[in-house]
Amino acid sequence: MKPEKPILLVEDDRVDVMAVKRSVKALNINNPLVTASNGEEALAYLNDERNPLPAIILLDINMPRMNGIEFLRIAKQDERLKRLPVVVLTTSKEDQDRFDTFNLGASGYMLKPVDYTQFVDIIHAIHTYWSLSETAE
Amino acid sequence: MMTESNQALYHEMLSAPSRLAAIQALNLVDSPAEEVFDRLTRLASRLIPAPVSLVSIVDAERQFFKSLVGLKEPWASLRQTPLTHSFCQHVVVSGEPLIVEDAREHPLVHDNLAIPDLGVISYLGMPLTTKQGVTLGSFCVIDTVARSWSEDDIETVRELARSVMTEIELRNEVHALKAANTNQQRSEERFRQLIETAPGAILVIDATGQIALANQCVVEYFGYPRDELMGKAVETLLPEPLQQAHRAHRAGFFAHPEARPMGSGRDLSGRRKDGSVFPIEIGLSYTTIDDETLAVAFITDITERKQLLSKLEQINQDLTDFAYIVSHDLKAPLRGIASIAEWFSTDYGAVLDEEGQELLGLLQTRVTRLQDFIEGILRYSRIGRIEEEWEDVDLQRLVENVISSLAPPEHIQIMINGSLPIVHGGRVRLEQVFQNLLSNAIKFMDKPQGKIEITSAKNRGCWEFRVADNGPGIEERHFTKIFQLFQTLNPRDEFESTGIGLTLVKKIVEMHGGTIIVNSEVGQGTAFTFTLTEKGKPV
């Protein structure tokens, strides 16, 4: 993961946002963290060509205005955005959400752990993986 | 001259109840004259010849003339006389013919009032006796002068008397037949009424598929007037798409008739005259009348039942959704609180004094408790709603697994005494039962050497299981309380407990058709005993 590229976090829960921020800091991840509180805001950020495209999108599912699945559907049809890796980070255990996520071509589906330490491990794993893996851009 | 003893004897014989009953049953007395009998008295009168001929029926008080020829008034109109005027009574009492050539000199009748009042001088009477031997009366010819009756006369009257009896008996048979017929008709009418007023629709269908009988309920269900239903092809009462298949089923049914519900597992519908469709349940039977096999269908309109079912399903679905939403929306902020409490502790723990740290600790345990609580509620609410397939469960292995997964501390020993049987039930549920009971026993164990024992015994067709420990015990006054939802006995800060576990155990045991009780002695230990039926009992 190119360290200058941002990580886009699409998440409405302030505490969950804090959890990601703290994890990123604790793990010494240097990528800037950009947050959008729902799908609409995320699209607005991405479509503004003055903003650099993120290295990875961390996507929550349950959000107001536009939820994660809707965002995913739109993003994966957008010529400019569809190759960006998206990892869903959610509390939802619904089979339907899992199905839709992969059906729409996301790269991962992680359940947010209750325990913060485990949460850090998740972020760590995502970061390690996407640092090892190449991306399209 | 009739002596007093004679009179008594006569009275006794004439009023014998069986005799009177026979007369009554034949409807001869006080009945109008009939041509059949009049023909015979006229014949007698002409043939002998004699001016008077009678068919006389003698009851206890009088003689009644079913038929008469040649009697003078007022007797002809009265059609009867008291016994004082009766020669025929002698025929009845003796059961033999009475032949009188001159009554004035006959010892039996010389003082009979028929002589002065009716002018009877000579008499020839034959008994009218039934096949059962009851003499009803007499068939006689009478003259107003003395006659020496010839053998021919006697034989003629005898033959004619036989004719009268034949006639009487024939009429009786016809009467009996008519009565039987009326009874049968009445009985049929009763059954017809039963079928007609039955609370469900009853259809009788012949082998060609035509309706042979339909009761009132059919009319109400399907909206056809009765005359339109008769002879109609039964398929007309079904929605179009089902008609073809039904013809095939019908043929199969008549080939191998049997009483059974129709279309088990399928949703059946009927079609009304106006084309509207409604859900029905059909039971089939058959009967054979006069070598013809007929199918009988009992139809119930289950519209209301279906509505209730669908309402029930809706409620069930609502509950599921509710439970999910509640647990999900409650969990989210809880996670938040837990995270914040932890970060607070990490970031500012060093700055807090002892009291501050204790407060933070309490906050964290409260959050965990709430999370467990919600999880427990979810589990409890799932019990009734989520169907589990029942199977044969090897309890020995199941309990061994539970014990090893609980990993009891070294000072607590869990033993299975004997071997546990295989029962039929829900594996996961049964696991929860033992899991809860054993983990409770471990959690509350207060002795340095903890002993938990599991036993089973067969008792009156059921399996009885006992989980006993040597823990702190429970006071008797709490015995029923502990099974109640959210009840705990210890302050929650001492032992983390949702208070749901035992309620869950009780519910699961009851779902399997069993019961659970607790026995305990404070300081000594506790034993939970529950039963499971061998075959289980799906609720």
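A cavity, on a 1 Å grid over the protein atoms alone, is a set of points where a 1.4 Å probe fits but cannot get out. Grid points are joined across faces, edges and corners, and a volume is the space filled by probe spheres set on the points. By this test the whole structure holds four cavities of 30 Å³ or more.

The model is predicted: local features need pLDDT of at least 70, side-chain atom pairs count only at pLDDT 80 or more, and totals for chains, interfaces and linings use all residues. Residues are numbered from 1 along each chain as its sequence is written, chains are lettered from A in the order in which they are written, and side-chain values use heavy atoms, without hydrogens and water.

**First stop: the largest cavity**

Select L54(B), Q63(B), H85(B), V120(B) and I142(B), which lie nearest the centre of the largest cavity among its 13 lining residues; lining residues have an atom within 4 Å of a point. The space here is about 80 Å³. Next, colour β2 (62–69) and α6 (114–118) of chain B, each of which supplies at least two lining residues. Helices (H or I, at least four residues) and strands (E, at least two) are DSSP runs, numbered from the N terminus. The lining comprises 10 nonpolar, three polar and no charged residues. Ala, Val, Leu, Ile, Met, Phe, Trp, Tyr, Cys and Pro count as nonpolar, Asp, Glu, Lys and Arg as charged, and the others, Gly among them, as polar.

**Second stop: chain A**

Move to the second largest cavity, with a volume of about 60 Å³. Select its lining: M1(A), I7(A), V24(A), I29(A), I56(A), L58(A), I123(A), I126(A) and H127(A). Helix α5(A) gives the largest share, three residues. Eight lining residues are nonpolar, one is polar and none is charged.

**Third stop: between the chains**

Display α1 (residues 14–26) of chain A with α11 (residues 303–348) of chain B; their axes come within 9 Å and cross at roughly 40°. Axes are lines fitted to C-alpha atoms, for helices over the stretch in contact, and angles run from 0 to 180 degrees between N-to-C directions. On the α1(A) side, select V15(A), D16(A), M18(A), A19(A) and R22(A); on the α11(B) side, select R335(B), G336(B), S339(B), I340(B), W343(B), T346(B) and D347(B). Contact means heavy atoms within 4.5 Å. Five of these contact residues are nonpolar, three polar and four charged.

**Last stop: within chain B**

Finally, show α13 (residues 395–406) and α14 (residues 427–444) of chain B, whose axes come within 10 Å and cross at roughly 45°. Their contact includes L398(B) and V402(B) of α13(B), and F434(B) and L438(B) of α14(B). It has 10 nonpolar, three polar and two charged residues.

Definitions and conventions
1 Å grid on protein atoms, 1.4 Å probe; cavity = no way out; pocket = protein on both sides within 12 Å on 5 of 7 lines; lining within 4 Å.
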